[in-house]
Amino acid sequence: GTVFDLFQRFLSSLIHMFKKSYTAQGQNLLSKKDLKALKSQLCELYPSLTEKEVDEILPEGQAKVVKLDNRCLLYSAGDAPAAFFDAEGRSELYPTLYTLWQYPHIMQELTIHPPVSKFVLNGADLMLPGVLVPANGVVGFGTVTKGQPRCIKIDGNPYAIAVGRMLVNQTQMEKLKGKGMEVLHVYKDGLWAQCGKVKPNAGFTEEEEVAPCSESEWNKDNKELQESATKDAAETGDKPAEEKPSGGGKAAADWTQDDLLDFTFLQAMKQSLADDKALPIEASELYEKHMKPARPEGTTLDVKKSSHKQIGKFLNAMRKSKAIDVTEKKGVIHVSKVDRNHKVFAALETKFADEIAVVPAAVAPAAPAATGGLPPPKVTALWKPSHYLEAIWKAMGKKKDDLFSWDEARSIVFNYIEQENLGKDGSIKMNEGLLEALWKTASGQKKDQK
């Protein structure tokens, strides 16, 4: 229950959601059932958001979810910028700044002095001493609960600069001491950039802090900004980056999108997915990372312009012919098995016999690097424990100044729990070491507080 949530939050606290770069791992259209559940949850979390507004933001048939490698989920419609994000894939939904600037009424706020904004923009969480008290006193904050979603604005500017969740309750809020809000998404971070790098008014500049500005004209009907953001979002990461074609085929002049789907599917199964160990594979990953790179040079693969309209429907057609097996869970389709000797593959080989060329060097095994040449750089994220973790690291014989991979850091904590006999039947017993690390970092509480 509570201890487990704290432990999970402690582990996730090692990652700042959008401050570091991230990549998309796959995307799927939302089924009617999943979209209905999502909309219901949004209306419950944000009572000021009407059903009509939710339908405008996430229209049926266009709403999709994108999975990121930082465990976050992005929800958007078509090629539009991300509208909402689920911070840790645990159904904790927050609007992106792009959405919040269009619908500023949906989220409660905290206001800060403009100079304080530079700390927030640099990745700091919000400290309560920097929050302005409303004219009617602390009652003006409204009801405050721990975990409550809120946004941050500066005094003199109507648009939010950050989105996050409260770390304190009503009583603690009124004391205006300590850390008050965990910032999850902020102006100038990666998610803002992915949404088109839009600036709602002149107060949002390249300076280190946001400035007061009374302009409030930016809204969803501003077509110029909307189109610009949509274009940028499509180019900068609302979907996995499209690789250059390397299929080696020569496209006939009269090929349709259906032909391209057939050809790239065949090439993917012959080249990058020739080994069955690569299965099962998610439909969106197959399409983005294996079929698109296999398209002939000079062509564009777009399943939406084919008769199938969706990659899932194309794969289901292949399944019905018994050339492949697919599994579907919660609207996510995976290719689980491929019968490469099936007559469908033989027919495709015959159909594209004149177009299939020898596999080019781009997809052939790479030749050894020339003598004296430098190998490509390898970037690895490493973590250093905070002072809250010193007791745990010392107990496990680890140096607090050393750097660790994510798996290594995680393993140290779990090994500590096992060594101290703190885990039993799926529960974790709190000892002094865990109280020091968890209670202070995850909840901002004193370790002796019950």
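## Basis of the description

Helices and strands are here DSSP runs, numbered from the N terminus: a helix is a run of H or I with at least four residues, and a strand is a run of E with at least two. The structure described is a predicted model.

The peptide bond that joins Leu 279 and Pro 280 is cis, with omega at about 0 degrees. In general, most peptide bonds are trans, and most residues other than glycine have a negative phi.

## The open sheet β1 to β5

Strands of a sheet pair through backbone hydrogen bonds, in either a parallel or an antiparallel arrangement. In this model, 5 strands make up an open sheet in the order β1-β2-β3-β4-β5, and their pairing is antiparallel. The edges are formed by β1 and β5, the latter spanning residues 93-95; each of these pairs on one side only. On average, neighbouring strands of the sheet are turned by 25 degrees against each other, with direction ignored.

Toward β1 (residues 24-29), β2 is joined by 5 bridges in an antiparallel arrangement; Leu 29 has Lys 64 of β2 as its bridge partner. With β3 (residues 73-77), β2 again pairs in the antiparallel sense over 5 bridges. On this side, Lys 67 stands opposite Leu 73 of β3, and Ala 63 has Ala 77 of β3 as its bridge partner.

The strands β2 and β3 form a hairpin with 4 residues between them, in which Arg 71 adopts a positive phi near 80 degrees. Helix α2 (residues 32-45) packs on the sheet and touches β2, β3, β4 (84-86) and β5. The direction of α2 makes about 75 degrees with that of β5.

Helix α10 comprises residues 283-291 and is mostly covered, 7 of its 9 residues being buried. The buried residues are Ala 283, Ser 284, Leu 286, Tyr 287, Glu 288, His 290 and Met 291. The elements that cover them include strand β1, helix α9 (257-270), strand β11 (281-282), helix α11 (311-320) and strand β13 (332-338).

Two packed helices are described by the distance between their axes and the angle between them. The axes of α10 and α11 come within 9 Å and cross at roughly 95 degrees. An angle of 65 to 115 degrees counts as roughly perpendicular, and α10 and α11 are therefore roughly perpendicular to each other. Ala 283, Leu 286, Tyr 287 and Met 291 of α10 meet Ile 311, Phe 314 and Leu 315 of α11. By class, this contact has 7 nonpolar residues, with no polar and no charged ones.

The loop between α10 and α11 holds Lys 309. Its phi is near 70 degrees, a positive value in a residue other than glycine. Lys 309 counts as partly exposed because its relative accessibility is 46%, which falls between the limits of 20% for buried and 50% for exposed.

## The loop between β10 and α7

Two residues of the loop between β10 and α7 are described here. Lys 188 is one of them; its phi is near 85 degrees, a positive value in a residue other than glycine. With a relative accessibility of 29%, Lys 188 counts as partly exposed.

Asp 189 lies in the loop between β10 (179-186) and α7 (190-194). Since its relative accessibility is 3%, Asp 189 counts as buried. The side chain of Asp 189 reaches the backbone nitrogen of Leu 191 at 3.2 Å. When neighbours within four places in sequence are left aside, Asp 189 is in contact with Phe 18 and Leu 184.

## Glu 209 and its contacts

Glu 209 is located in the loop between α7 and α8 (223-236). Its relative accessible area is 25%, so Glu 209 is partly exposed. Apart from neighbours within four places in sequence, Glu 209 is in contact with Pro 114, Pro 115, Ser 117, Lys 118 and Leu 121. Glu 209 and Asn 122 are 87 residues apart in sequence, while the distance between them in space is 9.4 Å, C-alpha to C-alpha.

Methods:
Residues are numbered from 1 along each chain as its sequence is written. Side-chain values use heavy atoms; hydrogens and water are left out. Two strands pair if DSSP finds at least two bridges between them. Buried means under 20% relative accessible area, exposed over 50%, partly exposed in between (1.4 Å probe, protein chains only). Contact means heavy atoms within 4.5 Å. A polar contact is a pair of N or O atoms within 3.5 Å; within protein, one must be able to donate a hydrogen and the other to accept it, and residues adjacent in sequence count only if both atoms are side-chain atoms. Axes are lines fitted to C-alpha atoms, for helices over the stretch in contact, and angles run from 0 to 180 degrees between N-to-C directions. Angles under 35 degrees count as roughly parallel, over 145 as roughly antiparallel, 65 to 115 as roughly perpendicular and the rest as oblique. Ala, Val, Leu, Ile, Met, Phe, Trp, Tyr, Cys and Pro count as nonpolar, Asp, Glu, Lys and Arg as charged, and the others, Gly among them, as polar.
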